[in-house]
Amino acid sequence: IKIYHNPKCSKSRAGVCLLEEQQIPFETIKYLDTPLEKKEIEQIIKLLGVAPIALVRQKEAIWIENFKNKQITDDQIITALSTYPKLIERPIVINGNKAVIARPTERINEIL
């Protein structure tokens, strides 16, 4: 199990806590420290089964200032997520070939 984690985010911390409480071993990926490459983001989107826009935190200032109300392609969205990792919705939890955006945190149980 992998969790794409931002320690400053309460929802992300809650996801880590849920896994720890259930004593499930997991790998923590602090994607703000090591931004994801486009291919990694594409794989996550595929596992989630969502459109790239579903992975975007659309209330972030970066999104509002640079992308909101503009016609952009899925590839441009993925590039934005790679360039500005703060835009990535969190936490994302992956278990094998299943993944969820853990909002609410209990969604993690869907893939355990």
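Modeller: Let's start with contact: two residues touch when they have heavy atoms within 4.5 Å. This is a predicted model, where local features need pLDDT of at least 70, side-chain atom pairs count only at pLDDT 80 or more, and totals for chains, interfaces and linings use all residues. Residues are numbered from 1 along each chain as its sequence is written, and side-chain values use heavy atoms, with hydrogens and water left out.

Biologist: What percentage of contacts between residues at least 6 apart in sequence join residues at least 24 apart?

Modeller: In the protein chain, that share is 62%.

Biologist: How does the radius of gyration agree with a compact globule?

Modeller: We take the radius over C-alpha atoms, and the globule rule is 2.2 Å times the number of residues to the power 0.38. For 112 residues, a compact globule would come out near 13 Å, and the protein chain has 14 Å, which agrees. The C-alpha trace spans about 45 × 25 × 25 Å along its principal axes.

Biologist: Is Asn97 buried or exposed?

Modeller: Buried means under 20% relative accessible area, exposed over 50%, and partly exposed in between (1.4 Å probe, protein chains only). Asn97 has 62% relative accessibility, so it counts as exposed. You'll find Asn97 in the loop between strand S3 (92-95) and strand S4 (98-101). Across the whole chain, 41% of the 112 residues count as buried.

Terms used: Helices (H or I, at least four residues) and strands (E, at least two) are DSSP runs, numbered from the N terminus.
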